[in-house]
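Subject: Structure for your review

Dear colleague,

Please find the structure below, together with its sequence. I would be grateful if you could read the notes that follow alongside it.

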Amino acid sequence: MKDFKDMSKLERQIEMLKYCHKPRTFTEIADHFGIEDRTRQRYTNDYLEEMDFPGMDINVHLENSAKGVRMDGDEERYFASVHPVCLALNMSQIFLLTVGLLDRIPEDDVMYEAYQVIVNNIYSQLSGYAKEIVDNNNHGHDFEEIWSSAFTSETELFKEDTNSHKLLYLLKSQKAAEITFEDSDGKAVTVERKLSYKNGVLFFLYKGKKREVNCKMKLNN
């Protein structure tokens with residue numbers, strides 16, 4: 001790897017993003033990359049607060065006690081969960097990860113919307129030539145540019161009023177969630193469960209049996 005001081009600004013941003021996949025204090029960041037105290041403000045502004053990649057609005061989140069985060073010390077921490085930072089693909093791979101991906105997911109599937117966000121992230125960054133190929137062979141799927149939200153943190157996605165993002169986060173994190181649904185008698189029931197996924201079915205256990213997750217269920221973290 002190049003020495004940090006010999007990298008371009010974009011290369012430095014990428015390396016700092018990757019380093020902040022685990023929450024880091026500025027002291028840790030400065031020690032790791034050899035940043036001097038006199039340039040702290042410049043690095044904070046240019047690398048930790050204003051990440052500008054083509055077609056993407058990426059934020060490094062600041063964690064501190066004022067935001068309800070339990071801190072080990074007094075120093076606030078920087079955190080970013082964006083992956084991968086760069087992924088170069090040919091047109092066949094682009095087609096597979098846009099039209100091909102949505103072809104595999106029924107539109108009434110609880111996860112369809114989450115997959116569509118990923119597809120639109122890819123579509124937003126394509127050239128006019130590539131977009132034309134996707135549009136002319138879209139198999140009935142809708143694609144749109146979403147420049148302002150090409151990357152959104154998982155915690156921000158969970159705040160949105162859409163189950164697909166919440167389900168994806170809960171399945172990945174294996175955190176228990178409050179799930180409210182109607183039982184066989186039509187009564188509202190709330191349980192705290194972890195989600196599982198097997199053979200294309202997303203489910204949780206209720207009274208010893210698998211209960212498939214559907215769009216009518218209410219989820220709370």
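The model is predicted, so local features need pLDDT of at least 70 and side-chain atom pairs count only at pLDDT 80 or more, while totals for chains, interfaces and linings use all residues. Residues are numbered from 1 along each chain as its sequence is written, and side-chain values use heavy atoms, with hydrogens and water left out.

Aromatic contacts. Rings of Phe, Tyr and Trp (its six-membered ring) are paired if their centres lie within 6.5 Å; planes under 30 degrees apart count as stacked, over 60 as edge-to-face and the rest as tilted. The count under this rule is six aromatic pairs. One of them joins F4 and F33, whose ring centres are 4.5 Å apart with planes at 40°, so this pair is tilted. It connects distant parts of the chain, 29 residues apart: F4 belongs to the segment before α1 (9-19) and F33 to helix α2 (residues 26-33). Helices here are DSSP runs (H or I, at least four residues), numbered from the N terminus.

F4 is buried at 9% relative accessibility, and F33 is buried at 12%. The terms are as follows: buried means under 20% relative accessible area, exposed over 50%, and partly exposed in between (1.4 Å probe, protein chains only). F33 also pairs with Y19, with ring centres 5.5 Å apart and planes at 80°, so that pair is edge-to-face. Y19 lies in helix α1, 14 residues from F33 in helix α2, and Y19 is buried at 15% relative accessibility. Ring pairs join F4, Y19, F33 and Y43 into a cluster.

Charges over rings. The criterion is NZ of Lys or CZ of Arg within 6 Å of the ring centre and within 35 degrees of the ring normal. R24 sits over the face of Y19 at 3.9 Å from the ring centre, and K210 over that of F203 at 4.8 Å.

Helix α6. Within α6 (residues 128-136), the residues A130, K131 and V134 are buried. Viewed down the axis, the buried residues of α6 fall within an arc of 100°, so they line one face of the helix; the arc is that of the directions from the helix axis to the C-beta atoms. The face turned away from this buried side carries the exposed residues G128, Y129 and N136.

Separately, L97 in helix α4 (residues 91-103) is partly exposed, with a relative accessible area of 30%. L97 belongs to a nonpolar surface patch with L87, L89 and L96.

Kind regards

Note on methods:
Helix = DSSP H or I, 4+ residues; strand = E, 2+ residues; numbered from the N terminus. Patch = residues over 30% accessible without salt bridge, like charges linked within 9 Å, V, L, I, M, F, W, Y side chains within 5 Å. Areas by Shrake-Rupley, 256 points an atom, 1.4 Å probe, with all protein chains shown as cover. Salt bridge = Lys/Arg side-chain N within 4 Å of Asp/Glu carboxyl O.
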